[in-house]
Amino acid sequence: MQPLVAVILVGVPLAWLVGFAAYAYVDAPKYGMNPRKWALISFVIPLFGFLAYVFERDELDYDPEEDPYAGGDDSRTGGFAVHESRQGEESLGPAGTEADDGDDADDEWNDPDGVDL
C-alpha cells in the first residue's frame, strides 16, 4: 500500500475522530457534563457519538421562561395556545367541520352531517 493512500484512508478519519473527541472534552464542562465520558463516546462511536453529544448538550440549556408554550397563563385554555388573532373564532370539529354545539347529542363525532349511524 502506498504511504499516501494509507494516510488518506487511516489518518484523515482518525484525525476527525480525535478532533470530535477534543471538542467534546473541551466543551462539555461548560454545560456541566462529564468531559471524559463524552470524549470517549465521540471517539469510539464515529460521528453518531459526536452528534449525540451535540444534541444532549442542546437539551441541557432549555430555559422555560423563554418558552412561549410553557406554563399556564390566562391566554392558554385546555393546554392549547391560541394566537391572539384567532381568539373568538368558531371552534372546529373533526375534519375541519364546525364543532357541534351539543344540540345533537345522539350523533357520534365521526358521523357525516345529517347521517345518524
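**Ground rules.** I am working with a predicted model, where local features need pLDDT of at least 70, side-chain atom pairs count only at pLDDT 80 or more, and totals for chains, interfaces and linings use all residues. Residues are numbered from 1 along each chain as its sequence is written, and side-chain values use heavy atoms, with hydrogens and water left out.

**Core.** I looked up the largest nonpolar core first. It has eight residues: F20, A24, A28, M33, W38, F50, Y53 and V54. A nonpolar core here is a set of buried Ala, Val, Leu, Ile, Met, Phe, Trp, Tyr and Cys residues joined through side-chain atoms within 4.5 Å. Buried means under 20% relative accessible area, exposed over 50%, and partly exposed in between (1.4 Å probe, protein chains only). Helices are DSSP runs (H or I, at least four residues), numbered from the N terminus.

**W38.** Which residues does W38 touch? Leaving out residues up to four places away in sequence, I found A24, M33, G49, A52, Y53 and E56. Contact means heavy atoms within 4.5 Å. W38 counts as buried, at 10% relative accessibility. Y53 is buried as well, at 0%.

**Rings.** I counted five aromatic pairs. Rings of Phe, Tyr and Trp (its six-membered ring) pair if their centres lie within 6.5 Å; planes under 30 degrees apart are stacked, over 60 edge-to-face, and the rest tilted. W16 and F20 make a tilted pair, 5.7 Å centre to centre with 50 degrees between the planes. Both lie in helix α1, four residues apart, about one turn of the helix. W16 is exposed at 56%, whereas F20 is buried at 17%. W38 and Y53 are also tilted, at 5.8 Å and 50 degrees. W38 lies in helix α2 and Y53 in helix α3, so this pair ties together parts 15 residues apart in sequence. Ring pairs link W16, F20, Y23, W38, F50 and Y53 into a cluster.

**Surface.** I then checked the outside. L4, V5, I8, L9, V10, V12 and W16 form a nonpolar surface patch, with about 710 Å² of accessible area together. L4 sits in helix α1 and is exposed, at 59%.

**K37.** My last entry is K37, in helix α2 (residues 35-44). K37 is partly exposed, at 43%.

Methods: Patch = residues over 30% accessible without salt bridge, like charges linked within 9 Å, V, L, I, M, F, W, Y side chains within 5 Å. Areas by Shrake-Rupley, 256 points an atom, 1.4 Å probe, with all protein chains shown as cover. Salt bridge = Lys/Arg side-chain N within 4 Å of Asp/Glu carboxyl O. Helix = DSSP H or I, 4+ residues; strand = E, 2+ residues; numbered from the N terminus.
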